[in-house]
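Here are some notes to get you started with this one. Have a look at the sequence and the fold first, then read on.

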Amino acid sequence: DEWAWLFEMESRFDANEAWPVDPERRTESAALAALAYMQALPRPPLVFANHPSRSAMGIGVYGLDQPRELRNNHDQAPGVYRGMEGAPGHQAAALAREDPDDLDARERPGARGSYRNPGAHTIGGFDQMTAIVGGLWDALLGEGRRFWIVATSDSHVHYSEADDPGSDFWPGEYQKTYVYASRSYEDILDGLRNGRVFVTSGDLITDLEVTASVGARATDIGGTLRAARGDEVEVSIRFRDPDSPNAAGLNPRVARVDVIAGQVLGVVDDRNADRNPTTRVIARMVVDEGRSDDGRRRFVTTMPPLDGPMYVRVRRSEE
């Protein structure tokens, strides 16, 4: 009955479905009403904010999507509104071919992800809300929100189309969201809902395990580790950097791995706050040697003794 629920949701709330045009459907209150409806469904769907800073005019100068909206939406439907598009689609805007036989031509300028304002472009292909250490994503995590990022292909028209080149890759050609799940719709949705995910561009990695542990207690990506003040949490990272070409025929290599951590201080008073001043890179591991027996690299670091609730996330950069 999925089609029936989708039809019902779109009929009731989608701004593009209303005729005549109903401007009220594009308001914050309409979004909250839609999320409340979804939250009450017998099998709630999932919502991830779409390219949240595309209309921004500068770093921290947001457009259509304000930080308060992400907070309000998550508060309204925490089981439905679970994150945002950290790496937006339309990443092939700068690729086109004047010569149909030259698939590598880079003749047409473009804004990656359709982030056209030069003062608010993507950073390393990621939305500013995700890319900035101590930025909005860290501010949300620092409130204790279980709020994840995904990467999408957003494939409309491929950049190689001869008559009218688009700004898109094929689905999965450039970036992917990996979900730890069995091959069932239900478990994939559960993995997305609970943060058992990582995202990557250009097939930089194809496998990732992050484990946080204290003694015999441990948890994986998306999980919560119970620890006490003064405990030293060990963070273990294992990933696979494939020794094979990606869709572009390139083989990018991981240059370093950053372990990023911040304090969980609780809900903030300023609903538009987009910074977590406690967030920092607590460990940086340069990838130069030492693969494990199964072809994956492994690094271990120990966090400073805990002085309160913390969160940890991991970032990889290529050469």
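1. Ground rules. This is a predicted model, where local features need pLDDT of at least 70, side-chain atom pairs count only at pLDDT 80 or more, and totals for chains, interfaces and linings use all residues. Residues are numbered from 1 along each chain as its sequence is written, and side-chain values use heavy atoms, with hydrogens and water left out.

2. The main core. The largest nonpolar core has 26 residues; such a core is a set of buried Ala, Val, Leu, Ile, Met, Phe, Trp, Tyr and Cys residues joined through side-chain atoms within 4.5 Å. Buried means under 20% relative accessible area, exposed over 50%, and partly exposed in between, using a 1.4 Å probe and protein chains only. Leu 70, Met 84, Leu 136 and Phe 147 have the most contacts inside this core. At least two of its residues come from each of α2 (28–39), β2 (81–87), α5 (136–141) and β3 (148–151), and α5 gives the largest share, five residues. Helices (H or I, at least four residues) and strands (E, at least two) are DSSP runs, numbered from the N terminus.

3. Leu 70 and its helix. Not counting residues up to four places away in sequence, Leu 70 touches Tyr 81, Met 84, Met 129, Leu 136, Leu 140 and Phe 147; contact means heavy atoms within 4.5 Å. Leu 70 is one of the buried residues of helix α3 (residues 67–76), along with Pro 67, Glu 69, Arg 71, Asn 73 and His 74. The cover over them includes α2, β2, α4 (128–131) and α5.

4. Three strands form an open sheet in the order β1-β2-β3, with parallel pairing; two strands pair if DSSP finds at least two bridges between them. β1 (47–49) and β3 are at the edges with a single partner strand each, so one side of each has no neighbour in the sheet. β2 and β3 pair over four bridges, and Ala 87 has Ala 151 in β3 as its bridge partner.

5. Asn 276. Leaving aside neighbours within four places in sequence, the contacts of Asn 276 include Gly 134, Gly 135, Gln 263 and Tyr 311.
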